[in-house]
Amino acid sequence: MDTVRIFDTTLRDGEQSPGFSMNTSEKLRMARQLAALNVDVIEAGFPIASRGDLEAVQMVAKEVRDVPIAALARARKGDVSAALEALKPAVAPRLHVFLATSDLHLSVKLKMTREQALEDIGAMVRYGRQHVGVVEFSAEDAGRTDIDFLCKVCRVAVDAGATVLNLPDTVGYAVPEEYGAMFTRVREFLGDPDGITLSAHCHDDLGLAVANSLAAVRAGVRQIECTINGIGERAGNASLEEVVVALAVRKESFGVTTGIRLDQLFPASRLLTEITGAQVAPNKAVVGANAFAHEAGIHQDGIIKNPLTYEIISPQTVGVPNRSLVMGKHSGRNALRMTLKDLGFEANDAELAEIYRRVTTLADESKQLRARDILGIAHEVIRRRPAAMAAESSSIA
Ligand code: MN
């Protein structure tokens, strides 16, 4: 079975979106969890953006030794040099060069002709390859790029030494059939050469990032760029946990595997919410507080008889702690605090008191509570917090 590589860009595309910025030590904590998850590449930052970003990439490259580390650069010498400097300590560095290729971006944003774009792509990929073994090229706004020109772009990048070609739907405009067809055309044009990996990078403006990524896999793409909890520019990137769980649950249909340790998904999601203070929606697929909660009586009855009746993924598969908790009048708050910690929630005293009150009430009714029951309650109580904080900081600004 073919392997689809998972390129995580939580620390770059995710981190650059409002409310998700991380300092170096936070990036490092997250990078270690991404390594535990066994992602194939960690994109650690955009070194030209700031000195702090350069140092964060350097630190991740120094400390995380068993996963290739990527750094982003526009197709400009200053960008590429900064990325190369940041990647120096990496065991397996990957330079990620990008340039927009749609006529809209070329004429309005870059004020550049197609010919100049081809020249810069060739020059910067070649320059990068003089220093690192793996150069990935991204054609920004590929989803809205003239397909014949996009084929030419790919040819130039490959001839200059790029071995990974990423064709992003930068603005989240594509639909699955279209996005897959783009890759099919490019593969046919290039003649499917050995040693070249095609890559998808999708945004969720129409809620199609995961669907588009999966369509790309069907069209032969073997790298997917995605983020934990789907964080990223605007509506976010394709969510890593949704992509890998979809590929795992529907393995027969896709005929591919990933190297991801599924039981590290929930811990990764919770670590990111802890670092950024931004909770995921309760109904978020795979990692939401309600993803494994069953409210309706008919559903509960089915689940008790056999979980397969209403559950296509078991909570344990994706790492939701399976400790069932006997909560009653005699249970202590400390036990609850520990259970909340297992589930990724750090409650303050007032929140703990409120959760305790509701959990014991529920326990009186149902005797035994499971992790999934407590998840929903904790989420409801704690989610009020970041909203209040955001209101506070915006009034200061
Ligand atoms: Mn992006």
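1. In which helix is aspartate 148 found? Aspartate 148 is found in helix H7, where helices (H or I, at least four residues) and strands (E, at least two) are DSSP runs, numbered from the N terminus. The model is a predicted one, in which local features need pLDDT of at least 70 and side-chain atom pairs count only at pLDDT 80 or more, whereas totals for chains, interfaces and linings use all residues. Residues are numbered from 1 along each chain as its sequence is written, and side-chain values use heavy atoms, with hydrogens and water left out.

2. Aspartate 148 has a relative accessible area of 47% and is therefore partly exposed, given that buried means under 20% relative accessible area, exposed over 50%, and partly exposed in between (1.4 Å probe, protein chains only). Its side chain makes a polar contact with the side chain of arginine 185 at 2.9 Å; a polar contact is a pair of N or O atoms within 3.5 Å, where within protein one must be able to donate a hydrogen and the other to accept it, and residues adjacent in sequence count only if both atoms are side-chain atoms. The C-alpha atoms of aspartate 148 and valine 186 are separated by 8.8 Å, although these residues are 38 residues apart along the chain.

3. The structure holds 24 salt bridges, each being a side-chain nitrogen of Lys or Arg within 4 Å of a carboxyl oxygen of Asp or Glu. One of them joins the side chains of arginine 12 and glutamate 43, with an N to O distance of 3.0 Å. Because arginine 12 lies in helix H1 (residues 10-14) and glutamate 43 in strand E3 (residues 41-45), this pair ties together parts that are 31 residues apart in sequence. Both partners deserve attention for their accessibility: arginine 12 is buried, at a relative accessible area of 8%, and glutamate 43 is likewise buried, at 0%.

4. Glutamate 140 forms a salt bridge with lysine 109, and the closest N and O atoms of that pair are 2.8 Å apart. The pair links distant parts of the chain, since glutamate 140 belongs to strand E6 (residues 134-140) and lysine 109 to helix H5 (residues 103-110), 31 residues apart. Here glutamate 140 counts as buried at 15% relative accessibility, whereas lysine 109 is partly exposed, with a relative accessible area of 45%.

5. In a further salt bridge, the side chains of arginine 114 and aspartate 146 meet at 3.8 Å, N to O. Arginine 114 lies in helix H6 (residues 114-129) and aspartate 146 in the loop between E6 and helix H7 (147-159), so the pair ties together parts that are 32 residues apart in sequence. Arginine 114 is partly exposed at a relative accessible area of 28%, and aspartate 146 counts as partly exposed at 33%. Elsewhere, Glu354, Arg357, Arg358 and Glu380 are linked in a network of salt bridges.

6. The protein is divided into domain 1 (2-276) and domain 2 (293-387), with bounds that come from an automatic or database domain assignment. The C-alpha centres of the two domains lie 36 Å apart, and the contact (heavy atoms within 4.5 Å) takes eight residues from domain 1 and 12 residues from domain 2.

7. Domain 1 and domain 2 bury about 800 Å² between them, 69% of it on carbon and sulfur atoms, where buried area is the accessible area (1.4 Å probe) that two parts lose on being put together, summed over both. On the side of domain 1, Val249, Phe266 and Arg270 lose the most area to domain 2, together 56% of what that side buries.

8. Threonine 276 is found in helix H12 and is buried, with a relative accessible area of 17%. The side chain of threonine 276 reaches the backbone oxygen of leucine 272 at 2.9 Å. Not counting residues up to four places away in sequence, threonine 276 touches Gly19, Phe20 and Met22.
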